[in-house]
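Hi,

Here is the structure I promised to pass on. Have a look at it first, and then read my notes below.

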Amino acid sequence: MKASPGKWRILIIVENLPCPFDRRVWQEALALRAAGHEVSIICPKGRGYEKGYELLDGVHIYRHALPVEADSALGYGLEYALALFMEFALALRIAFTRGFDVIHGCNPPDTIFLIGRFFKLFGKRFIFDHHDINPELYEAKFARRDVWYRLLCRLERWTFATADVSIATNESYRRIAIERGGMDPANVFVVRSGADLSRVRLLPTRPELRRGRKYLVGYVGVIGKQEGLDLLLQAVAYLRTELRRDDVHFIIVGGGTELAALQELAHRLALDDCVEFTGRIPDADLWEIMSTADVCVNPDRANEMNDKSTMNKILEYMALGKPIVQFDLTEGRFSAAESSVYARPNDTVDFARKLCELLDEPERRATMGAIGRSRVESGLAWHHQIPTLLQAYDAAMRPGARQAKSLDRQSG
(Lines give C-alpha, C1' and ligand atoms only; values in the text may rest on other atoms or scores of the structure.)
Protein backbone atom coordinates (compact mmCIF):
# COMPACT_ATOMS: atom_id res chain seq x y z
CA MET A 1 0.00 0.00 0.00
CA LYS A 2 1.39 3.38 -1.04
CA ALA A 3 0.80 6.73 0.59
CA SER A 4 -1.60 9.23 -0.98
CA PRO A 5 -0.04 11.71 -3.40
CA GLY A 6 1.87 14.33 -1.45
CA LYS A 7 1.61 12.25 1.72
CA TRP A 8 4.55 10.03 2.59
CA ARG A 9 5.26 7.11 4.86
CA ILE A 10 8.34 8.09 6.80
CA LEU A 11 10.69 5.89 8.80
CA ILE A 12 12.97 7.77 11.23
CA ILE A 13 15.95 5.83 12.61
CA VAL A 14 17.84 7.16 15.64
CA GLU A 15 20.37 5.26 17.75
CA ASN A 16 21.53 7.90 20.21
CA LEU A 17 18.46 8.23 22.48
CA PRO A 18 15.00 6.71 22.88
CA CYS A 19 11.92 8.56 21.70
CA PRO A 20 10.17 10.67 22.78
CA PHE A 21 13.12 11.47 25.08
CA ASP A 22 15.15 12.65 22.06
CA ARG A 23 13.53 16.07 21.81
CA ARG A 24 14.72 17.03 18.32
CA VAL A 25 13.66 13.74 16.74
CA TRP A 26 10.32 13.80 18.53
CA GLN A 27 9.62 17.37 17.44
CA GLU A 28 10.41 16.41 13.85
CA ALA A 29 8.16 13.36 14.06
CA LEU A 30 5.23 15.37 15.42
CA ALA A 31 5.71 18.10 12.81
CA LEU A 32 5.70 15.55 10.00
CA ARG A 33 2.67 13.80 11.46
CA ALA A 34 0.83 17.14 11.75
CA ALA A 35 1.59 17.75 8.06
CA GLY A 36 -0.37 14.59 7.23
CA HIS A 37 2.44 12.07 6.81
CA GLU A 38 2.59 8.63 8.42
CA VAL A 39 5.58 8.41 10.75
CA SER A 40 7.35 5.43 12.28
CA ILE A 41 10.46 5.61 14.48
CA ILE A 42 13.11 3.01 15.24
CA CYS A 43 15.09 3.84 18.39
CA PRO A 44 16.72 2.14 21.39
CA LYS A 45 14.97 1.33 24.62
CA GLY A 46 15.87 3.34 27.71
CA ARG A 47 14.78 3.91 31.27
CA GLY A 48 11.11 4.80 31.16
CA TYR A 49 10.91 3.76 27.49
CA GLU A 50 10.99 -0.03 27.67
CA LYS A 51 8.05 -0.93 25.40
CA GLY A 52 9.04 -2.64 22.16
CA TYR A 53 6.18 -0.95 20.32
CA GLU A 54 4.10 2.08 21.21
CA LEU A 55 1.68 4.32 19.33
CA LEU A 56 2.11 7.78 20.81
CA ASP A 57 0.48 10.94 19.46
CA GLY A 58 -0.11 9.16 16.16
CA VAL A 59 3.55 8.14 15.77
CA HIS A 60 4.51 4.45 15.63
CA ILE A 61 7.57 3.83 17.84
CA TYR A 62 9.57 0.60 17.52
CA ARG A 63 12.26 0.16 20.17
CA HIS A 64 15.11 -2.32 20.37
CA ALA A 65 17.35 -3.35 23.23
CA LEU A 66 20.80 -1.77 23.38
CA PRO A 67 22.80 -3.78 25.92
CA VAL A 68 26.05 -1.84 25.45
CA GLU A 69 26.54 1.79 26.56
CA ALA A 70 30.03 2.42 25.28
CA ASP A 71 32.79 4.62 26.64
CA SER A 72 35.73 3.29 24.57
CA ALA A 73 36.47 3.20 20.83
CA LEU A 74 36.06 -0.58 20.68
CA GLY A 75 32.92 -0.38 22.79
CA TYR A 76 31.37 2.15 20.44
CA GLY A 77 32.15 -0.16 17.51
CA LEU A 78 30.31 -3.00 19.25
CA GLU A 79 27.39 -0.78 20.25
CA TYR A 80 26.95 0.57 16.74
CA ALA A 81 27.19 -2.89 15.14
CA LEU A 82 24.52 -4.30 17.46
CA ALA A 83 22.28 -1.27 16.93
CA LEU A 84 22.66 -1.48 13.14
CA PHE A 85 21.64 -5.15 13.13
CA MET A 86 18.52 -4.48 15.21
CA GLU A 87 17.63 -1.35 13.22
CA PHE A 88 17.85 -3.31 9.97
CA ALA A 89 15.68 -6.12 11.35
CA LEU A 90 13.02 -3.65 12.48
CA ALA A 91 13.21 -1.75 9.17
CA LEU A 92 12.51 -5.02 7.32
CA ARG A 93 9.57 -5.69 9.63
CA ILE A 94 8.13 -2.24 8.99
CA ALA A 95 8.77 -2.51 5.23
CA PHE A 96 6.61 -5.65 5.08
CA THR A 97 3.86 -4.27 7.34
CA ARG A 98 3.33 -0.52 7.48
CA GLY A 99 5.75 0.23 4.66
CA PHE A 100 7.72 3.44 4.11
CA ASP A 101 8.73 5.72 1.26
CA VAL A 102 11.69 7.46 2.87
CA ILE A 103 14.23 6.75 5.60
CA HIS A 104 15.21 9.69 7.79
CA GLY A 105 18.52 8.66 9.41
CA CYS A 106 19.77 10.60 12.45
CA ASN A 107 23.39 10.33 13.53
CA PRO A 108 25.38 9.42 15.57
CA PRO A 109 26.55 6.96 14.37
CA ASP A 110 27.25 7.41 10.67
CA THR A 111 26.24 3.83 9.88
CA ILE A 112 22.52 4.24 9.23
CA PHE A 113 23.29 5.06 5.59
CA LEU A 114 23.87 1.30 5.09
CA ILE A 115 20.17 0.69 5.75
CA GLY A 116 19.28 3.67 3.58
CA ARG A 117 21.46 2.44 0.73
CA PHE A 118 19.90 -1.02 0.84
CA PHE A 119 16.37 0.32 0.61
CA LYS A 120 17.31 2.78 -2.13
CA LEU A 121 17.65 -0.33 -4.30
CA PHE A 122 13.87 -0.56 -3.96
CA GLY A 123 13.15 3.07 -4.77
CA LYS A 124 13.16 4.51 -1.24
CA ARG A 125 14.66 7.91 -0.49
CA PHE A 126 17.21 8.66 2.21
CA ILE A 127 17.39 11.88 4.25
CA PHE A 128 20.40 12.41 6.50
CA ASP A 129 19.71 14.39 9.68
CA HIS A 130 23.17 15.57 10.72
CA HIS A 131 23.16 15.85 14.54
CA ASP A 132 26.89 15.41 15.28
CA ILE A 133 30.14 15.70 13.37
CA ASN A 134 31.49 12.31 14.34
CA PRO A 135 35.17 12.64 13.38
CA GLU A 136 35.41 15.72 15.59
CA LEU A 137 33.34 14.01 18.28
CA TYR A 138 35.76 11.08 18.32
CA GLU A 139 38.74 13.44 18.57
CA ALA A 140 37.03 15.32 21.41
CA LYS A 141 36.47 12.08 23.34
CA PHE A 142 39.79 10.33 22.72
CA ALA A 143 42.23 13.13 21.70
CA ARG A 144 43.67 11.22 18.73
CA ARG A 145 43.37 10.75 14.99
CA ASP A 146 43.94 7.06 14.44
CA VAL A 147 42.42 4.29 12.32
CA TRP A 148 39.02 4.78 13.99
CA TYR A 149 39.09 8.49 13.20
CA ARG A 150 39.87 7.75 9.55
CA LEU A 151 37.05 5.21 9.44
CA LEU A 152 34.62 7.82 10.80
CA CYS A 153 35.71 10.27 8.09
CA ARG A 154 34.98 7.64 5.47
CA LEU A 155 31.61 6.74 6.97
CA GLU A 156 30.68 10.41 6.97
CA ARG A 157 31.55 10.72 3.26
CA TRP A 158 29.55 7.59 2.45
CA THR A 159 26.58 8.92 4.39
CA PHE A 160 26.53 12.14 2.38
CA ALA A 161 27.02 10.14 -0.83
CA THR A 162 23.88 8.14 -0.04
CA ALA A 163 21.67 11.03 1.03
CA ASP A 164 19.14 12.59 -1.34
CA VAL A 165 18.94 15.51 1.09
CA SER A 166 20.91 16.51 4.18
CA ILE A 167 19.41 18.37 7.13
CA ALA A 168 21.96 20.46 9.07
CA THR A 169 21.45 21.84 12.56
CA ASN A 170 23.35 25.07 11.80
CA GLU A 171 25.39 26.87 9.14
CA SER A 172 28.65 25.24 10.28
CA TYR A 173 27.17 21.80 9.65
CA ARG A 174 25.76 22.99 6.32
CA ARG A 175 29.26 23.98 5.19
CA ILE A 176 30.55 20.55 6.19
CA ALA A 177 27.83 18.87 4.11
CA ILE A 178 28.77 20.96 1.08
CA GLU A 179 32.57 21.20 1.41
CA ARG A 180 33.42 17.87 3.05
CA GLY A 181 30.42 15.83 1.95
CA GLY A 182 30.14 17.04 -1.62
CA MET A 183 26.44 17.83 -1.29
CA ASP A 184 24.70 20.18 -3.72
CA PRO A 185 23.91 23.34 -1.68
CA ALA A 186 20.33 23.12 -2.96
CA ASN A 187 19.96 19.80 -1.15
CA VAL A 188 21.21 20.96 2.27
CA PHE A 189 18.66 22.55 4.62
CA VAL A 190 19.31 24.16 8.00
CA VAL A 191 16.73 23.00 10.56
CA ARG A 192 17.85 24.22 13.96
CA SER A 193 17.09 22.34 17.16
CA GLY A 194 14.79 25.07 18.39
CA ALA A 195 13.09 24.98 21.76
CA ASP A 196 9.42 23.99 21.66
CA LEU A 197 7.75 26.86 23.48
CA SER A 198 4.66 24.74 24.11
CA ARG A 199 6.83 22.33 26.14
CA VAL A 200 9.24 24.65 27.95
CA ARG A 201 7.58 25.65 31.20
CA LEU A 202 8.61 28.53 33.44
CA LEU A 203 7.27 27.56 36.87
CA PRO A 204 7.16 29.36 40.23
CA THR A 205 10.54 29.28 41.92
CA ARG A 206 11.25 26.84 44.74
CA PRO A 207 13.69 28.60 47.11
CA GLU A 208 14.42 25.34 48.95
CA LEU A 209 16.28 24.12 45.85
CA ARG A 210 19.01 26.64 46.69
CA ARG A 211 19.75 24.51 49.79
CA GLY A 212 19.95 27.54 52.06
CA ARG A 213 22.17 29.59 49.75
CA LYS A 214 21.38 32.86 48.00
CA TYR A 215 21.86 31.73 44.39
CA LEU A 216 21.21 28.66 42.27
CA VAL A 217 23.18 27.85 39.11
CA GLY A 218 21.73 25.19 36.81
CA TYR A 219 23.04 22.85 34.13
CA VAL A 220 21.00 20.39 32.06
CA GLY A 221 22.39 18.07 29.42
CA VAL A 222 24.34 14.94 28.66
CA ILE A 223 27.04 13.97 31.16
CA GLY A 224 29.92 13.07 28.83
CA LYS A 225 33.57 13.91 28.33
CA GLN A 226 33.08 16.60 25.70
CA GLU A 227 30.53 18.51 27.80
CA GLY A 228 33.31 20.02 29.92
CA LEU A 229 31.70 19.40 33.29
CA ASP A 230 35.13 18.73 34.78
CA LEU A 231 35.95 22.34 33.82
CA LEU A 232 32.77 23.51 35.52
CA LEU A 233 33.74 21.71 38.73
CA GLN A 234 37.20 23.29 38.61
CA ALA A 235 35.54 26.69 38.21
CA VAL A 236 33.28 25.96 41.19
CA ALA A 237 36.32 24.98 43.27
CA TYR A 238 38.01 28.29 42.37
CA LEU A 239 34.83 30.17 43.21
CA ARG A 240 34.74 28.53 46.64
CA THR A 241 38.42 28.62 47.62
CA GLU A 242 39.79 31.72 45.89
CA LEU A 243 36.77 33.97 45.49
CA ARG A 244 35.40 32.95 48.89
CA ARG A 245 31.87 32.47 47.60
CA ASP A 246 29.78 30.13 49.72
CA ASP A 247 26.45 31.58 48.64
CA VAL A 248 25.98 29.59 45.40
CA HIS A 249 24.46 26.14 44.97
CA PHE A 250 24.86 24.17 41.73
CA ILE A 251 22.48 21.54 40.34
CA ILE A 252 23.61 19.38 37.42
CA VAL A 253 20.76 17.59 35.66
CA GLY A 254 21.36 14.71 33.27
CA GLY A 255 22.84 11.28 32.83
CA GLY A 256 25.69 9.78 30.88
CA THR A 257 28.85 7.72 30.96
CA GLU A 258 30.84 10.31 32.97
CA LEU A 259 28.37 10.80 35.81
CA ALA A 260 30.18 8.58 38.34
CA ALA A 261 33.59 10.05 37.47
CA LEU A 262 32.30 13.60 37.90
CA GLN A 263 30.71 12.76 41.24
CA GLU A 264 34.09 11.42 42.36
CA LEU A 265 35.84 14.58 41.10
CA ALA A 266 33.34 16.76 43.00
CA HIS A 267 34.11 14.75 46.13
CA ARG A 268 37.89 15.16 45.67
CA LEU A 269 37.41 18.91 45.23
CA ALA A 270 35.32 19.03 48.46
CA LEU A 271 32.24 20.23 46.59
CA ASP A 272 29.73 17.68 47.87
CA ASP A 273 27.81 20.28 49.85
CA CYS A 274 27.35 22.74 46.97
CA VAL A 275 27.16 20.58 43.82
CA GLU A 276 24.14 18.33 43.38
CA PHE A 277 23.84 15.68 40.67
CA THR A 278 20.27 14.57 39.92
CA GLY A 279 20.76 12.12 37.05
CA ARG A 280 17.90 11.99 34.56
CA ILE A 281 14.69 13.32 36.09
CA PRO A 282 11.07 13.90 34.96
CA ASP A 283 10.35 17.08 33.03
CA ALA A 284 8.31 18.53 35.88
CA ASP A 285 11.33 18.39 38.20
CA LEU A 286 13.63 19.71 35.48
CA TRP A 287 11.49 22.79 34.85
CA GLU A 288 11.26 23.53 38.58
CA ILE A 289 15.06 23.51 38.87
CA MET A 290 15.66 25.57 35.76
CA SER A 291 12.91 28.03 36.70
CA THR A 292 14.54 28.57 40.10
CA ALA A 293 18.05 28.95 38.69
CA ASP A 294 19.45 32.49 38.69
CA VAL A 295 22.03 31.63 36.00
CA CYS A 296 22.45 28.63 33.69
CA VAL A 297 25.82 27.38 32.48
CA ASN A 298 27.22 25.67 29.41
CA PRO A 299 30.81 24.57 30.11
CA ASP A 300 31.34 22.82 26.76
CA ARG A 301 35.06 22.42 26.23
CA ALA A 302 36.49 24.49 23.36
CA ASN A 303 37.33 22.08 20.52
CA GLU A 304 36.41 21.60 16.86
CA MET A 305 33.33 19.57 17.74
CA ASN A 306 31.79 22.00 20.20
CA ASP A 307 32.80 25.11 18.25
CA LYS A 308 30.72 23.97 15.28
CA SER A 309 27.78 22.47 17.19
CA THR A 310 24.54 24.01 18.42
CA MET A 311 23.66 22.81 21.92
CA ASN A 312 20.02 22.21 22.78
CA LYS A 313 20.56 23.29 26.38
CA ILE A 314 21.51 26.82 25.28
CA LEU A 315 18.21 27.27 23.46
CA GLU A 316 16.23 25.86 26.37
CA TYR A 317 17.98 28.22 28.80
CA MET A 318 17.08 31.09 26.49
CA ALA A 319 13.46 29.93 26.17
CA LEU A 320 13.22 30.06 29.97
CA GLY A 321 14.62 33.60 29.99
CA LYS A 322 17.80 32.62 31.84
CA PRO A 323 21.15 34.42 31.48
CA ILE A 324 24.00 32.11 30.51
CA VAL A 325 27.71 31.72 31.15
CA GLN A 326 29.68 29.69 28.61
CA PHE A 327 33.05 29.49 26.91
CA ASP A 328 33.38 31.54 23.72
CA LEU A 329 32.47 29.17 20.86
CA THR A 330 31.24 30.05 17.37
CA GLU A 331 27.80 28.44 17.34
CA GLY A 332 27.22 29.06 21.04
CA ARG A 333 27.74 32.78 20.46
CA PHE A 334 25.50 32.72 17.37
CA SER A 335 22.64 31.16 19.34
CA ALA A 336 22.89 33.13 22.57
CA ALA A 337 24.29 36.48 21.38
CA GLU A 338 23.83 39.04 24.18
CA SER A 339 21.89 36.65 26.42
CA SER A 340 25.22 35.10 27.48
CA VAL A 341 28.59 36.15 28.81
CA TYR A 342 31.60 34.41 27.32
CA ALA A 343 34.64 33.19 29.21
CA ARG A 344 37.95 32.64 27.51
CA PRO A 345 38.00 29.12 26.00
CA ASN A 346 38.64 26.46 28.67
CA ASP A 347 39.73 29.11 31.21
CA THR A 348 38.09 27.96 34.44
CA VAL A 349 39.24 31.01 36.40
CA ASP A 350 37.67 33.39 33.89
CA PHE A 351 34.52 31.26 33.89
CA ALA A 352 34.25 31.50 37.69
CA ARG A 353 34.86 35.25 37.69
CA LYS A 354 32.29 35.93 34.97
CA LEU A 355 29.76 33.79 36.81
CA CYS A 356 30.30 35.77 40.02
CA GLU A 357 30.00 39.08 38.20
CA LEU A 358 26.70 38.01 36.68
CA LEU A 359 25.27 36.74 39.95
CA ASP A 360 26.03 40.10 41.55
CA GLU A 361 24.16 42.08 38.85
CA PRO A 362 20.43 41.22 39.01
CA GLU A 363 19.37 43.92 36.53
CA ARG A 364 21.90 42.69 33.99
CA ARG A 365 20.65 39.12 34.47
CA ALA A 366 17.07 40.20 33.83
CA THR A 367 18.04 42.10 30.67
CA MET A 368 20.05 39.17 29.32
CA GLY A 369 17.25 36.72 30.05
CA ALA A 370 14.75 38.89 28.19
CA ILE A 371 17.09 39.11 25.19
CA GLY A 372 17.40 35.33 25.07
CA ARG A 373 13.66 34.76 25.27
CA SER A 374 13.07 37.32 22.53
CA ARG A 375 15.62 35.64 20.23
CA VAL A 376 13.85 32.33 20.66
CA GLU A 377 10.40 33.77 20.07
CA SER A 378 11.46 35.77 17.00
CA GLY A 379 13.38 33.10 15.10
CA LEU A 380 14.99 30.24 17.02
CA ALA A 381 11.90 28.46 18.41
CA TRP A 382 10.96 25.12 16.92
CA HIS A 383 7.85 26.34 15.11
CA HIS A 384 10.08 28.57 12.96
CA GLN A 385 12.02 25.48 11.79
CA ILE A 386 9.07 23.38 10.62
CA PRO A 387 8.64 25.03 7.17
CA THR A 388 12.28 24.28 6.30
CA LEU A 389 11.90 20.68 7.48
CA LEU A 390 8.94 20.26 5.13
CA GLN A 391 10.91 21.92 2.30
CA ALA A 392 13.67 19.35 2.81
CA TYR A 393 11.13 16.55 2.39
CA ASP A 394 9.69 18.16 -0.73
CA ALA A 395 13.20 18.26 -2.21
CA ALA A 396 13.96 14.66 -1.29
CA MET A 397 10.69 13.29 -2.65
CA ARG A 398 10.43 15.23 -5.89
CA PRO A 399 10.80 13.22 -9.11
CA GLY A 400 14.41 13.02 -10.24
CA ALA A 401 15.84 13.80 -6.80
CA ARG A 402 19.56 13.33 -6.31
CA GLN A 403 20.73 9.73 -6.59
CA ALA A 404 23.39 8.19 -4.39
CA LYS A 405 26.96 8.54 -5.63
CA SER A 406 29.31 5.63 -6.01
CA LEU A 407 30.96 4.80 -2.71
CA ASP A 408 34.18 4.03 -4.53
CA ARG A 409 34.39 7.59 -5.83
CA GLN A 410 33.70 8.95 -2.35
CA SER A 411 36.26 6.88 -0.48
CA GLY A 412 39.41 8.65 -1.57
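This is a predicted model: local features need pLDDT of at least 70, side-chain atom pairs count only at pLDDT 80 or more; totals for chains, interfaces and linings use all residues.

Residues are numbered from 1 along each chain as its sequence is written, and side-chain values use heavy atoms, with hydrogens and water left out.

Overall picture

The protein has 16 helices and 14 strands; these are DSSP runs numbered from the N terminus, with helices being H or I of at least four residues and strands E of at least two. Its radius of gyration is 22 Å, close to the 22 Å from the globule rule for 412 residues, so the protein is as compact as a globular protein of that length. (That radius is taken over C-alpha atoms, and the rule is 2.2 Å times the number of residues to the power 0.38.) The C-alpha trace spans about 65 × 45 × 40 Å along the principal axes.

As for burial, 56% of the 412 residues count as buried. I use buried for under 20% relative accessible area, exposed for over 50% and partly exposed for in between (1.4 Å probe, protein chains only).

Most residues other than glycine have a negative phi, and most peptide bonds are trans. Here are some exceptions to look at.

- The peptide bond from N107 to P108 is cis, with omega near 0°, and P108 sits in the loop between strand 5 (102-106) and helix 3 (113-120).
- P108 and P109 are also joined by a cis peptide bond, with omega about 0°; P109 is in the loop between strand 5 and helix 3.
- A270 has a positive phi, near 60°. This alanine is in the loop between helix 8 (259-268) and strand 11 (275-279) and is exposed, at 53% relative accessible area.
- A337 has a positive phi too, near 50°. Its place is the loop between helix 12 (330-336) and strand 14 (340-343), and A337 is partly exposed at 25%.

Salt bridges

How many salt bridges does a search of the whole structure find? The search gives 32, where a salt bridge is a side-chain nitrogen of Lys or Arg within 4 Å of a carboxyl oxygen of Asp or Glu.

One of them pairs R206 with E288, at 2.7 Å from N to O. R206 is in the loop between strand 8 (188-190) and strand 9 (215-220) and E288 is in helix 9 (residues 283-292), so the pair ties together parts that are 82 residues apart in sequence. R206 is partly exposed at 29% relative accessibility, and E288 is partly exposed at 23%.

Another is between R213 and D273, with the closest N and O atoms 3.0 Å apart. This pair also links distant parts of the chain, 60 residues apart: R213 is in the loop between strand 8 and strand 9, and D273 in the loop between helix 8 and strand 11. R213 counts as buried at 15%, whereas D273 is partly exposed at 40%.

There is also a salt bridge between R240 and D246 (3.3 Å, N to O), with D246 partly exposed at 46%. Finally, have a look at R23, R199, D283 and E316, which are linked in a network of salt bridges.

Cheers
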